[in-house]
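Hello,

Here is the structure I promised to pass on to you. Have a look at it first, and then read my notes below.

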Amino acid sequence: MRVGVLTGGGDCPGLNAVIRAIVRKGERVLGDDVVGFLDAWDGVMDRRTMPLTVESMRGSLPRGGTVLGTRRGSPLDHSDGVERVRSTIHDLGLDGIIVIGGNGSLTVAEILYREHGIPVLGVPKTIDNDIVGTDLTFGFNTAVQIATDAIDRLHTTAESHDRVMVVEVMGRNSGWIATHAGIAGGATVVLVPEHPFDIDQVCERLTRRHSRGRYASIVVVAEGAVPAEGSLPGGPDPEVDRFGHAQLGGIGHIVADEIGRRTGFETRPVLLGHVQRGGTPTAFDRVLSTRFGVAAIDAVHAGAWGSMVALRGSEIVTVPLAEAAGRSRPVDLALFTEVAEIFFA
Ligand code: F6P
């Protein structure tokens with residue numbers, strides 16, 4: 001077969017490992033030609049490609065980012081976008097395209113398949129871990145590890161200065177990274193988008209902890225965390241990029257300022273930002289990415305266009321793209337309330 005591959009949306013540790021696995025099984029076992037599209041759907045519409053071979057992917061397993069480049073945006077934003085995709089597939093003699101992407105890319109892929117009959121197969125990617133239909137996405141484990149390493153370092157400086165450190169982590173509108181990094185890093189408080197927070201309660205917890213002689217605390221704030229109605233004056237509406245994506249970030253500064261002002265404790269904000277997305281994937285993510293890549297090319301050979309590979313328990317399965325499209329998976333509230341909260345001050 002002749003199969004296209006693209007990476008869409010924000011980059012994520014493990015993308016190269018997925019591509020490498022598709023190519024390895026495709027070329028060496030199934031006799032496929034694999035064509036990489038540069039810069040996501042832009043490369044499909046403009047026919048910018050690179051050959052993907054076992055040789056060209058050598059050394060890519062531990063590399064962060066994506067050899068193909070990535071963009072937000074979709075053919076659906078262009079009046080002739082779908083037709084350009086269709087003719088690229090036809091003219092390059094492709095059987096279809098494997099789309100390695102997050103919520104946005106998978107939603108676009110599902111529409112292209114359902115409404116326009118474009119043969120696509122999804123691989124769920126995001127550090128946010130918020131894709132419906134899979135128990136985990138690759139990249140999440142790496143982001144949690146990076147955030148946890150940062151929190152470990154912040155403990156010692158917080159203890160030396162008797163400070164509260166407010167660590168803002170990514171995750172868009174889900175609290176997966178915050179909850180896992182908060183548990184792993186021994187945070188005093190974790191604030192997630194799924195649970196609007198009351199700043200008075202946060203300050204009470206910290207004050208209680210200080211009254212017990214613990215003068216250093218870590219507060220983990222998800223970038224999408226929101227104050228409960230009336231608990232804090234709302235910040236400005238987030239800026240939206242040219243693809244309509246809200247650019248989150250900044251709640252950590254607001255929370256840190258407010259904690260400092262209300263409690264008198266010396267407080268510092270730390271914004272981890274894109275550090276969480278950069279660099280080498282963890283061993284766990286390398287394995288998951290490799291399994292997803294092998295499953296994706298197998299699914300292509302099984303004719304499972306319109307599907308997405310997914311992790312269910314310990315098994316890799318295929319599920320309809322429609323399960324993931326247009327939806328977002330909130331953090332497991334049982335994990336938050338029955339495990340994480342037990343350790344809050
Ligand atoms: O979806 C992954 C993610 O890193 C989010 O956690 C974050 O809100 C967003 O992407 C940042 O996007 P950008 O790289 O476009 O600033």
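**The ligand and its surroundings**

The shell around the ligand is made up of two nonpolar, two polar and five charged residues. Please keep in mind that this is a predicted model.

Which residues are they? Around the ligand you will find Arg-72, Ile-127, Asp-128, Met-170, Gly-171, Arg-172, Glu-223, His-274 and Arg-277.

Several of these side chains come up again when you look at the oxygen atoms of the ligand. For Glu-223, a side-chain N or O atom is 2.5 Å from a ligand oxygen. Asp-128 has a polar side-chain atom 2.6 Å from an oxygen atom of the ligand, and for Arg-72 the distance from a side-chain N or O atom to a ligand oxygen is 2.9 Å. On its own, the ligand has 400 Å² of accessible area, and the protein covers 81% of that.

Where does the ligand sit? You can find it in the largest pocket.

In the contact between them, 13 residues come from domain 1 and 14 residues from domain 2.

Why does the ligand lie between the domains? Domain 1 and domain 2 both give residues to the shell around it, so the ligand lies between them.

Happy viewing, and best wishes

Key
Residues are numbered from 1 along each chain as its sequence is written. This is a predicted model: local features need pLDDT of at least 70, side-chain atom pairs count only at pLDDT 80 or more; totals for chains, interfaces and linings use all residues. Side-chain values use heavy atoms; hydrogens and water are left out. A residue is near a molecule or strand if one of its heavy atoms lies within 4 Å of it. A polar contact is a pair of N or O atoms within 3.5 Å; within protein, one must be able to donate a hydrogen and the other to accept it, and residues adjacent in sequence count only if both atoms are side-chain atoms. Accessible areas come from the Shrake-Rupley method with a 1.4 Å probe; for residues, only the protein chains shown count as cover. On a 1 Å grid over the protein atoms alone, a cavity is a set of points where a 1.4 Å probe fits but cannot get out, and a pocket is an open set with protein on both sides within 12 Å along at least five of seven lines; lining residues have an atom within 4 Å of a point. A molecule sits in a cavity or pocket if more than half of its atoms lie within 2 Å of its grid points. Ala, Val, Leu, Ile, Met, Phe, Trp, Tyr, Cys and Pro count as nonpolar, Asp, Glu, Lys and Arg as charged, and the others, Gly among them, as polar. Domain bounds come from an automatic or database domain assignment. Contact means heavy atoms within 4.5 Å.
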